[in-house]
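This briefing concerns the structure shown below. Please keep the model in view while reading the points that follow.

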Amino acid sequence: MDHLTHIDEPDLPPLRVPYLGESGFKYYGLGFLQFPQRCGLSIETMIEESWLEFDLDGNASFLQAYLYFGFLHEFFSRAHVAWGAGDFICEETCGSRITTKFLPLMIWFWVSAEIHTGPEERESRIEKYSTLFDMIEACTIALTTKDRVKFQKTEKYCHKGSLILSSVTILFEALGKAFRTTYFSVDEGRMTRPTTSPFYVDGSVLDAPIALIDRLLSAGWCREIQNLEHESLSCSSMYILGSVQRSRLQRNHEKCTKMKCNADQVDKTTYKTKHQIDECQCSFYPQSCTDTMEKICRVLDSGNLPLIKIPQSKEPEISDLEIEVVSYNLADVNIIGSPPLHFIAISHVWADGKGNQTENRLPKCVLRDLQSKCSALYPDNSEDTWWWVDTLCIPIHEPYRRIGIERLVATYSKADKVLVLDKGLEMLQRDASPEEKFLAIRICGWMQRLWTMQEGWLAPQLYFQFSDGALQGFELLQACISNQHAPMKPQVQMLARYAHWNPIARENLIRALVTDSHTFSLDASKKRILEDSYRVKYPELPTSYDKHLALLINKDFKFDQVVQDASVAITKIRAVNQSLQASGEVFTGLKGRTTSRLEDEPICIANLLGLDSGPIIREKPGDRMKLLLRTIHPLPTSIIFSHGERMLESGYRWAPRTFLVPDSLDYRDSNPATFKDERLTFELPGISLNLKPSLPHNWELHIAIGEQIYCLSLLESDDAEMTWDCYQNVPMMVILRRPMQFRGPVDGVLVSFQKTVDDTLWVLYERTLWIAMVFSKPKEYGSGVFLSNDQRWCITDTPIRMVETSVGRHHVFTRL
């Protein structure tokens with residue numbers, strides 16, 4: 001993994017992947033698709049359930065030869081890039097290991113060759129590369145699933161085989177990024193796969209092999225880390241995170257599950273406000289809340305925003321500490337009675353101890369620290385800095401708590417700066433590498449909480465506090481981009497050193513560098529000589545190919561996913577306009593976040609979408625989500641495919657109880673849906689099922705559509721007893737999230753047919769499922785017919801009720 005971004009001072013050593021070809025399998029070409037057959041296997045069985053019986057450790061040498069070196073061979077050889085297996089093997093005293101030291105250089109040779117591919121070859125090459133990636137992806141997913149299943153059952157895994165899978169997934173991400181960047185990111189903007197590959201698996205992020213997860217758990221990370229891939233965090237980034245000893249944060253993960261981290265959940269009965277250091281015994285302030293809170297409540301009554309500060313003259317004597325309260329006029333953007341001043345809104349994680357469940361007070365040491373950090377953001381300002389923090393500025397008693405919550409949008413959008421405080425970030429210094437800081441932000445506790453998402457989206461300027469000062473978010477992003485380019489520019493000296501490898505590719509790269517010569521890190525005289533010689537040698541310089549390659553060099557040189565993953569820490573928490581895309585962005589951004597009060601989720605969503613949250617705040621907590629769904633127009637259709645718990649109320653069975661589920665569903669780029677009069681209408685593809693009278697007491701069902709067999713797998717729901725025999729003698733259909741063009745799996749919703757009105761199918765929501773193509777010939781329980789891709793649906797009411805009776809050892813459900 002030598003090509004990846006590195007942590008400056010890692011706590012743990014790098015993962016060592018052994019080279020197994022010395023006494024095992026070797027890949028010599030002779031046909032990639034035929035290699036498993038030559039080894040006594042077949043591709044079809046590799047990606048079917050029978051593959052789960054495959055011995056990962058016993059066949060680790062085969063996996064490395066096929067999925068790693070075979071992958072490298074097919075990828076580079078198709079572009080006639082000279083390479084050798086020895087370039088990826090490092091000999092050590094303890095045995096040979098895999099190295100990716102030369103991978104970026106080899107990728108650049110590949111890019112320079114592919115850029116010069118003519119348009120007549122473009123589509124053919126795209127299809128061939130896509131088939132290669134699809135097959136590697138399908139095999140890797142099947143193997144990783146097998147590894148995970150064993151780990152879940154026995155807490156043991158195939159160590160050697162999982163190491164090989166880890167190297168394959170990280171290689172897949174690097175080569176995949178190079179492929180997408182070269183063929184799609186510049187002129188088309190987005191990658192669209194060909195539809196001819198039988199191995200296509202939907203999903204942009206591969207699940208992490210257990211070797212990567214075990215590395216994270218050993219470093220003190222929570223079990224919920226297993227679901228980081230559902231937040232589009234790559235295996236490359238998870239490998240880097242495994243270098244950091246997370247246990248330093250002293251979080252208690254005993255109550256965490258693999259689906260949810262509860263370490264930052266606040267228990268009102270046991271919560272304790274913390275001092276700056278554990279040994280501190282200073283008193284809480286204000287000593288009497290009455291006077292200060294009366295001022296804050298008067299400000300809220302006036303329709304304004306309370307701000308506070310600690311005068312500098314009072315700071316040296318901690319016993320004389322006092323808090324000044326002023327009213328910020330939200331209408332006039334002014335502070336009454338004072339010259340116009342900016343203020344800072346503090347965004348923090350309550351689990352770090354800066355909250356208070358019972359009173360509006362904080363330790364004096366904390367107050368002094370907060371004032372100091374806020375004042376440091378205005379180093380040239382001699383005046384005291386005004387600031388806002390929820391612990392003091394939102395009264396704990398009603399109705400002022402409700403009023404304070406209603407003004408949260410104004411608080412964070414009117415603030416000049418929002419300062420993020422997180423214990424994990426404050427253990428890191430500002431001079432750490434941009435990638436390290438970004439990854440720290442990406443996985444810190446602040447990024448996992450519900451309310452902080454709103455505070456980050458609304459902030460005009462977002463600052464992150466580190467151990468020795470704060471840094472602005474977009475400045476961090478720019479620093480990361482600059483750091484990405486400056487030391488990583490292809491150097492002419494480096495290319496010359498390896499000229500004997502790929503002389504044509506080398507020439508192409510130097511032509512591109514001459515086209516954009518200001519990026520050279522050479523002295524002026526050498527640069528001028530090189531430019532003059534190449535412009536004489538190539539009078540047509542620069543061609544469109546040269547410009548394209550130069551653009552790629554300047555745009556996206558690193559081919560690991562770490563920088564891209566890390567930058568999401570900033571880009572994903574910026575505000576978007578009210579639209580279908582906005583609701584999709586919000587719902588997707590909420591995945592995996594947590595809150596101690598689930599009833600606050602609809603309030604936060606309304607604020608993020610620019611809706612009036614007042615009616616939702618005043619609604620009964622149990623009815624808030626229903627009111628929110630009636631308020632959003634339009635809704636994204638992806639909402640019906642959510643894998644979490646559903647609402648149980650009539651008319652809302654299709655709706656998720658919460659969007660905080662860490663699943664892989666992306667709500668963006670979704671068709672619009674209209675919800676009115678407890679009817680949800682939209683257009684999506686589907687399947688009409690013709691099932692046999694007798695169905696299995698099982699989660700899985702196989703049907704035939706034409707000559708192809710499909711497996712329909714019911715997903716867990718509130719009704720855990722429901723299996724396919726529950727739907728006997730009922731006309732059933734499946735709504736698909738997208739057309740069933742590939743192998744799958746595809747998200748689906750099982751519905752029972754009611755009637756047809758003006759070409760609209762009226763159906764009852766039943767539950768979610770997955771549907772996937774299979775190559776084997778299992779027992780079929782019916783058939784199906786694909787419906788139009790723009791079939792119109794109307795989900796109306798709750799499912800038909802069922803009566804349960806016992807027949808032998810089985811439960812039989814009969815519809816009323």
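Which residue takes a positive phi in the hairpin of E20 and E21? In this predicted model, that residue is Asp758, with a phi near 50°, in a hairpin that has 2 residues between its strands. The points below cover the strands around this hairpin, a pair of packed helices and a pocket.

**Strand pairing**
- Strand E20 (residues 746-757) and strand E21 (residues 760-774) run antiparallel and are joined over 11 bridges.
- Within this pairing, Val746 has Ile771 of E21 as its bridge partner.
- E20 also pairs with strand E19 (residues 732-736), again in the antiparallel sense, over 5 bridges.

**Helix packing**
- Helix H3 (residues 60-77) packs with helix H4 (residues 103-115) at an angle of about 35°, and their axes are 10 Å apart.
- H3 contributes Leu72, Phe75 and Phe76 to the contact, while H4 contributes Leu103, Met106, Ile107 and Trp110.
- The contact residues comprise 7 nonpolar, no polar and no charged.

**Second largest pocket**
- The second largest pocket has a volume of about 720 Å³.
- Its lining consists of 30 residues, and those nearest the centre are Trp350, Asp390, Arg401, Trp451 and Arg597.
- Strand E7 (343-348) and helices H11 (390-393), H12 (400-406), H13 (408-414) and H15 (450-458) each give two or more residues to this lining.
- H15 supplies the largest share, 4 residues.
- By class, the lining of this pocket has 13 nonpolar, 10 polar and 7 charged residues.

Key: Residues are numbered from 1 along each chain as its sequence is written. This is a predicted model: local features need pLDDT of at least 70, side-chain atom pairs count only at pLDDT 80 or more; totals for chains, interfaces and linings use all residues. Side-chain values use heavy atoms; hydrogens and water are left out. Axes are lines fitted to C-alpha atoms, for helices over the stretch in contact, and angles run from 0 to 180 degrees between N-to-C directions. Contact means heavy atoms within 4.5 Å. Ala, Val, Leu, Ile, Met, Phe, Trp, Tyr, Cys and Pro count as nonpolar, Asp, Glu, Lys and Arg as charged, and the others, Gly among them, as polar. On a 1 Å grid over the protein atoms alone, a cavity is a set of points where a 1.4 Å probe fits but cannot get out, and a pocket is an open set with protein on both sides within 12 Å along at least five of seven lines; lining residues have an atom within 4 Å of a point. Grid points are joined across faces, edges and corners, and a volume is the space filled by probe spheres set on the points. Two strands pair if DSSP finds at least two bridges between them.
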